[in-house]
2 protein chains.
Amino acid sequence: MRGEFELIARYFAPLAEAAPGAQGLRNDAALVDLAGPAGPAGDHSLVLTVDAMVAGVHFLPEDPPETIGRKLLRVNLSDLAAMGARPRGYLLAAAFPRDIDEAWIAAFAAGLAEDQAIFGVALYGGDTVSTPGPLTLSLTAFGEVPKDRALSRATARAGDLVYVSGTIGDGLLGLEALRGGLPGVPEDHRAYLAARYRLPEPRLELGRRLAEDGLASAALDVSDGLAADLGHIAEESGLAAEIETGAVPLSPAARGVLEAAPERLPELLGGGDDYELLFTAEPGRAGEVAALAAALDLPLTAVGRMAAGRGLIARDPAGAEVTLEGTGWRHF
Amino acid sequence: MRGEFELIARYFAPLAEAAPGAQGLRNDAALVDLAGPAGPAGDHSLVLTVDAMVAGVHFLPEDPPETIGRKLLRVNLSDLAAMGARPRGYLLAAAFPRDIDEAWIAAFAAGLAEDQAIFGVALYGGDTVSTPGPLTLSLTAFGEVPKDRALSRATARAGDLVYVSGTIGDGLLGLEALRGGLPGVPEDHRAYLAARYRLPEPRLELGRRLAEDGLASAALDVSDGLAADLGHIAEESGLAAEIETGAVPLSPAARGVLEAAPERLPELLGGGDDYELLFTAEPGRAGEVAALAAALDLPLTAVGRMAAGRGLIARDPAGAEVTLEGTGWRHF
């Protein structure tokens, strides 16, 4: 059968045609303007997004219940961050296996409560049902963005610099550490990577500032991998993109892994689950980006640029092209 | 383990405490006012609701894919109707079994497209994932209601008449017909009942008019059964309620079943899945209710009244109390 993207494009995107704010289901979240009697009212747009997770597919059944709900919430908040939205709340649909015990549910809810306090959101609705299959969760998050300020992946301009927040590749390595891989990596590094995988940090304040200051020309969150997600920006913006692999920011733990196995760099560029923000900005605004990084105490690293054309090229520090095949990235 | 209501009250309602519009997760949907720089902006509130369905639990795996998505959409639209909201759109999370075929997905999407045209809604976002378990769907619907006009189940007043739209009990009998029950019932009646179960009619226009005209003092949609849902209104409003069983509106098909088996009446009052609106209104506004029924070409039948006190009583036409035990209804 077709892959997920093809199925969505073929069967579900047509259902979004009458929803201009859904943008063909191609952005991280959808925009809605509530109507007043004389048309859209208010000075904020609603932003909506949904993600689902299945035990054994998206997380391990033995993962701590406290972090499972938190990760699902954070993944959705990351989609709001990518649009520049301030989160307000969420709805949760949970299909619980019949033999789940109440302690599991209590811990799951306690984890959500912890993140609600951190991110200033609340549960607005839900549905709990019973399933003969694996635990299946879906979460719809909503927030608001000043009207006409929402970020989009489709609006990068040729010549823009490409920035990424935080560090890249930790999500992929964290999953590997949790699966018992990464022999020889120090325990503190393994723990750091595992935490990055289990509890990604949605870059909400960054997204909000990029949107409100009009600093980013395009943005999305790194969920499919840096290469694939920069490819999304390029494709949707009708441009080409270039990544300088030597510039990609790595955590000390990821740097340690690469020192022992430098051939894994393309894999880190292709790995998903980092939930950093990838955004483009005019070169003339580099000073503002640096000031924002300092204000947020969050690295914002230029890793490439947008250009006329199509496709994605990665180059190493010597200027040689790095092949990204087999990393989840497909040329278009 | 505790039942669904207890689990929600214990673990999930506390997560909704910071969301005033979620009303402790006790209404059909949640209300949100988007903020402007100086507080809530716009003259409409956002209304949000979510429902989930699992193959083999909420529908039969061999049910026609066209109607599965439509029913899930309609159940959610019915929650919006119960709040008096006008629907705008929905988000869909689908966990597809790995062996699902594309024709199934195509038919599922075609059914949704049909209902989108009927109800004027569009798909705003979604997530499709793969599951080793049964097909699991969750749908979040959203709409808008004029500010301070949303209907609630908690605001009935003593002396109000209790009305229900359409007919009651068809959902329960429709499921029975689909499972091969109801021997001796004519084929056209079986088909009618099955259609009522598979494609309930969300009473959107009724809900909107009840809210905008301020005609209903309280409302919800009949999903747990007439008795249980009237019990919800009574409990949340701090009142008692009385149903006259002889007044409950029945379709010709349901009436036929009852003529052959009059002892099944309490069961029909306890059956769910009707998705009619149950609402309360001052007796002095009975003329307006009748005019609305005529305008909408939809029966709105007075079936009881609210009174001071607690609990729910059903009486037959002779005034004798009818026991509702064993119908899903529990005394409180």
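In this predicted model, helices α4(B) and α5(B) cross with a left-handed sense. Helix α4 of chain B covers residues 170-178, and helix α5 of chain B covers residues 187-198. Two packed helices are described by the angle between their axes and the distance between the axes. Here the angle is about 115 degrees, and the axes lie 7 Å apart. Angles of 65 to 115 degrees count as roughly perpendicular, so α4(B) is roughly perpendicular to α5(B).

Which residues meet where α4(B) and α5(B) touch? From α4(B) come Asp170(B), Gly171(B), Leu173(B), Gly174(B), Leu175(B), Ala177(B) and Leu178(B). From α5(B) come Arg190(B), Leu193(B), Ala194(B), Arg196(B) and Tyr197(B). By class, this contact has seven nonpolar, two polar and three charged residues.

Now step back to the two chains.

In chain A, 63 residues are in contact with 63 residues of chain B. Several elements of chain A each supply at least two residues to this side, among them α1 (4-12), β4 (44-54), β5 (86-97), α3 (102-119) and β7 (136-146). Strand β6(A) gives the most, with ten residues. The side of chain A that touches chain B holds 37 nonpolar, 18 polar and eight charged residues.

Do the copies meet through the same or different surfaces? Of the interface residues of chain A, 100% are also interface residues in chain B, so the copies meet through the same surface.

Technical notes. Residues numbered from 1 in each chain as written. Chains lettered and ligands numbered in written order. Predicted model: local features only at pLDDT ≥ 70, side-chain atom pairs only at ≥ 80, totals over all residues. Axes fitted to C-alpha atoms, helices over the stretch in contact; angles between N-to-C directions. Helix = DSSP H or I, 4+ residues; strand = E, 2+ residues; numbered from the N terminus. Parallel < 35°, antiparallel > 145°, perpendicular 65-115°, else oblique. Left-handed = near helix turned anticlockwise from the far one by under 90°. Contact = placed C-beta atoms within 7 Å. Nonpolar A, V, L, I, M, F, W, Y, C, P; charged D, E, K, R; others polar.
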